[in-house]
Amino acid sequence: MSDIIKADSLVRSFGDITAVNDVSFTIGKGELFGLLGANGAGKSTLLKILTGQLEPSSGKCTVLGVDPAADPMEVKRRIGILPEVESPPSFLTGREYLHFIGLVRGIDDIEERTERWIGMLDMESYEKVPCKDLSKGTRQKLMFAAALIHEPPLVFLDEPFSGLDPKYQKLFREHIHAYIERGGTAFMCTHLLEIAEKMCTRVGIMSRGRLIAAGKMGEIVRPGEALDSAFLRLTDEEAGKA
């Protein structure tokens, strides 16, 4: 299995604060890798390094064979990203936003793909509403469609279930699984351990900027232990080392 993502001793500091501390791992093609951690653990900072939004203070990584620090635009061209807090442009409607993404991505059949995503995510009632007037959950659905509409080989999902009710959490899970089955690879940051336990082929746990555990579920949890219990055990052990 080829390495879609490879990180080697990544460090990112902000003054005296080390947000990512000596992180190394690989992700292979077809994996759904879930990065778990409390708020402030370093998940989003690591994602921003991998997607070319931040340069590491030290260490290196490659994403689809490209160094995101050296060529961030090429990495962004190849991947899809669902950010945690970014919203679509307020002055565009949902349909206009997806059409804009298609133009930027050079998608030939953007009208057909836009129709398909609007239908799949039940956005027909909102497709002509300005994004500024959409609910948080509807904006999240729109950003999800934008991340996947060009069928990238790799997608980064930062808290993809934020603001969604159970119906659309389930729908997102189904779309992500279908994307993986079509040959895609996903890197997902989430604090929803129950969802990660059901979805992910492998998980990593971050605490205070360090990747303290990574592997398949059976390598992380003990017999009879749930993922949330394993998470608390491992993060408590890490805190005890401080």
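Predicted model: local features only at pLDDT ≥ 70, side-chain atom pairs only at ≥ 80, totals over all residues.
**View 1. The largest pocket, about 580 Å³ in volume.** Of its 20 lining residues, Lys-76, Ile-81, Ile-101, Val-104 and Arg-105 come closest to the centre. Helix 2 (72-78), strand 5 (79-82), helix 3 and helix 5 each put at least two residues into the lining, with helix 3 giving the most, 5 residues. Sorted by class, the lining comes to 12 nonpolar, 4 polar and 4 charged residues.

**View 2. The second largest pocket, with about 180 Å³ of space.** Here 14 residues make up the lining, and the ones closest to the centre are Gly-40, Ala-41, Gly-42, Lys-43 and Ser-44.

**View 3. Helix 1 (residues 43-50), mostly covered.** Buried residues account for 6 of the 8 in this helix: Lys-43, Thr-45, Leu-46, Leu-47, Ile-49 and Leu-50. Look just past the end of helix 1 for Gly-52, which takes a positive phi of about 80°.

**View 4. The largest cavity, with a volume of about 40 Å³.** The structure has 1 cavity of 30 Å³ or more. Around the largest cavity sit Gly-94, Arg-95, Leu-98, Ile-118, Met-123, Tyr-126, Glu-127, Leu-134, Thr-138 and Leu-142. Helix 3 (94-105) and helix 5 (136-148) each supply at least two of the lining residues, and helix 3 has the largest share with 3. By class, that lining is 6 nonpolar, 2 polar and 2 charged.

Methods
Residues numbered from 1 in each chain as written. Heavy atoms only, no water. 1 Å grid on protein atoms, 1.4 Å probe; cavity = no way out; pocket = protein on both sides within 12 Å on 5 of 7 lines; lining within 4 Å. Points joined across faces, edges and corners; volume = space filled by probe spheres on them. Helix = DSSP H or I, 4+ residues; strand = E, 2+ residues; numbered from the N terminus. Nonpolar A, V, L, I, M, F, W, Y, C, P; charged D, E, K, R; others polar. Buried < 20%, exposed > 50% of the residue type's maximum accessible area, 1.4 Å probe, protein only.
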